[in-house]
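Here is a short tour of one model, with a look at one helix and a few aromatic rings. Keep the 3D view open while you read.

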Amino acid sequence: MKKIYSIYVIELKKTILKEKYFRDANPDYDESKPCVYVGMTSKTPEQRFIEHTTGGRSKKGQNLSSPKVKKYGLWLKPRLYKSHNPMTKKEAEAFEVEKARRLRKRGYGVWQK
């Protein structure tokens, strides 16, 4: 299997903490830590970030952005993901969930689809 997939982490504005769904997903959030979105992609993290923040659409018109990232996204956090990439699709799907779990354990506020 080709290792063309990556996970990525985007820092989110702390105003996302006003959203009940986000607070409920992060009951152990440490206010000294950032809020982040964790995702995976077959594109570069930079390309994916642009799609999220500009409301990118596929050739078929499908929305490619997360509404949370479009509204609250600030920038990529390569220090939190670069050493893990690239990987296979199966590895990326599993590690996206694992990375979100690890960051929550460290007190980050995390959104992951």
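Is Tyr8 buried or exposed? At 0% relative accessibility, Tyr8 counts as buried (buried is under 20% relative accessible area, exposed is over 50% and partly exposed is in between, with a 1.4 Å probe and protein chains only). Before going on, note that this is a predicted model, in which local features need pLDDT of at least 70, side-chain atom pairs count only at pLDDT 80 or more, and totals for chains, interfaces and linings use all residues. Residues are numbered from 1 along each chain as its sequence is written, and side-chain values use heavy atoms, leaving out hydrogens and water.

**Aromatic rings**

A pair of aromatic rings is described by the distance of the centres and the angle of the planes. Rings of Phe, Tyr and Trp (its six-membered ring) pair if their centres lie within 6.5 Å; planes under 30 degrees apart are stacked, over 60 edge-to-face, and the rest tilted. By this rule the count comes to 2 aromatic pairs:

| Pair | Centre to centre | Between the planes | Type |
|---|---|---|---|
| Tyr8 and Tyr37 | 6.3 Å | 35° | tilted |
| Tyr21 and Trp111 | 4.9 Å | 75° | edge-to-face |

Tyr21 lies in helix 1 (residues 20-25) and Trp111 in strand 4 (residues 109-111), so their pair ties together parts that are 90 residues apart in sequence. Helices (H or I, at least four residues) and strands (E, at least two) are DSSP runs, numbered from the N terminus. Tyr21 is partly exposed, at 28% relative accessible area.

Tyr37 is buried, with a relative accessible area of 1%.

**Ser66 and helix 2**

Tyr37 turns up again as a contact of Ser66, along with His52, once neighbours within four places in sequence are left aside (contact means heavy atoms within 4.5 Å). Ser66 sits in the loop between helix 2 (45-54) and helix 3 (67-72), and is buried at 10% relative accessible area.

His52 belongs to the buried set of helix 2, together with Pro45, Arg48, Phe49 and Glu51. After helix 2 comes Gly55, with a positive phi near 70°.
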